[in-house]
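Colleague: I want to learn how to read a protein model. Could you take me through a few features, one by one?

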Amino acid sequence: MAKPLTLQTYQAAVDAWIQEIGVRYFDPLTNLGVLMEEAGEVARLIIRTDGEQSFKKGHKPVDLQEALADELADVLFCITCLANQKGIDLTAALQKNLAKKTGRDKERHANNQKLTA
């Protein structure tokens, strides 16, 4: 059984993978482009499964859930590469971000008529 990943261990695993297999990090601008490309692949799947677009004949993945999981993992990999390059601890950043959202939006969403209708 695989050892559970934390954000910290994932950041370290991505860094080790880059050093051992990836040769080096792409420059941040290239990684940003790759992130946009991968986000587009997530969008493509969701547009076709939850939106009004349909898959072209022969382009529908056999397992849609697995395909979406793989594309989301690609997005996380790109984000992790950018965080590593910029010296950002994602665990600390996400904890701080969630605290910010909690304080800012504590009542905002509960009072949003669009969400409660």
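Colleague: How many salt bridges does the structure hold?

Modeller: Start with the general idea. Side chains of opposite charge can pair when their charged atoms come close. A salt bridge is counted when a side-chain nitrogen of Lys or Arg is within 4 Å of a carboxyl oxygen of Asp or Glu. The structure holds two of them. This is a predicted model, where local features need pLDDT of at least 70, side-chain atom pairs count only at pLDDT 80 or more, and totals for chains, interfaces and linings use all residues. Residues are numbered from 1 along each chain as its sequence is written, and side-chain values use heavy atoms, with hydrogens and water left out.

Colleague: Which residues are linked in a network of salt bridges?

Modeller: Arg104, Asp105 and Arg108 form that network. Arg104 meets Asp105 at 3.0 Å, N to O. Arg108 meets Asp105 at 2.8 Å, N to O.

Colleague: Is Asp105 buried or exposed?

Modeller: Learn the scale before the case. Buried means under 20% relative accessible area, exposed means over 50%, and partly exposed lies in between (1.4 Å probe, protein chains only). Asp105 is buried, because its relative accessibility is 11%. Arg104 has 47%, so Arg104 is partly exposed.

Colleague: Which side chain of opposite charge is nearest to Glu38?

Modeller: For charge, Lys and Arg count as positive, Asp and Glu as negative, and His and the chain ends are not counted. The nearest opposite charge to Glu38 is Arg44, 11 Å away. Glu38 is buried and has no salt bridge.

Colleague: Where is Glu38 found, and what does Glu38 touch?

Modeller: Glu38 is in helix α2. Helices (H or I, at least four residues) and strands (E, at least two) are DSSP runs, numbered from the N terminus. Contact means heavy atoms within 4.5 Å. Leaving out residues up to four places away in sequence, Glu38 touches Glu71, Asp74, Val75 and Cys78.

Colleague: Where is Asp74 found?

Modeller: Asp74 is in helix α3. Its relative accessible area is 25%, so Asp74 is partly exposed. Now compare sequence and space. Asp74 and Val34 are 40 residues apart along the chain, and their C-alpha atoms are separated by 9.3 Å.

Colleague: How far apart in space are Lys86 and Pro28, and how far apart are Gln19 and Thr6?

Modeller: Lys86 and Pro28 are 58 residues apart in sequence and 8.6 Å apart, C-alpha to C-alpha. Lys86 lies in the loop between α3 and α4 (90-105). Gln19, in helix α1, is 13 residues from Thr6 in sequence and 20 Å from Thr6 in space, C-alpha to C-alpha.

Colleague: What phi does Val23 have?

Modeller: First, the background. Most residues other than glycine have a negative phi. Val23 is not a glycine, yet its phi is positive, about 75°. Val23 lies in the loop between α1 and α2. Val23 counts as exposed because its relative accessibility is 69%.

Colleague: How much space lies in the largest pocket?

Modeller: On a 1 Å grid over the protein atoms alone, a pocket is an open set of points where a 1.4 Å probe fits, with protein on both sides within 12 Å along at least five of seven lines; lining residues have an atom within 4 Å of a point. About 160 Å³ lies in the largest pocket. Its lining has 13 residues, and the closest to the centre are Trp17, Ile18, Phe26, Asn31 and Phe77.

Colleague: Which element gives the largest share of that lining?

Modeller: Helix α3 does, with four residues.

Conventions. Points joined across faces, edges and corners; volume = space filled by probe spheres on them.
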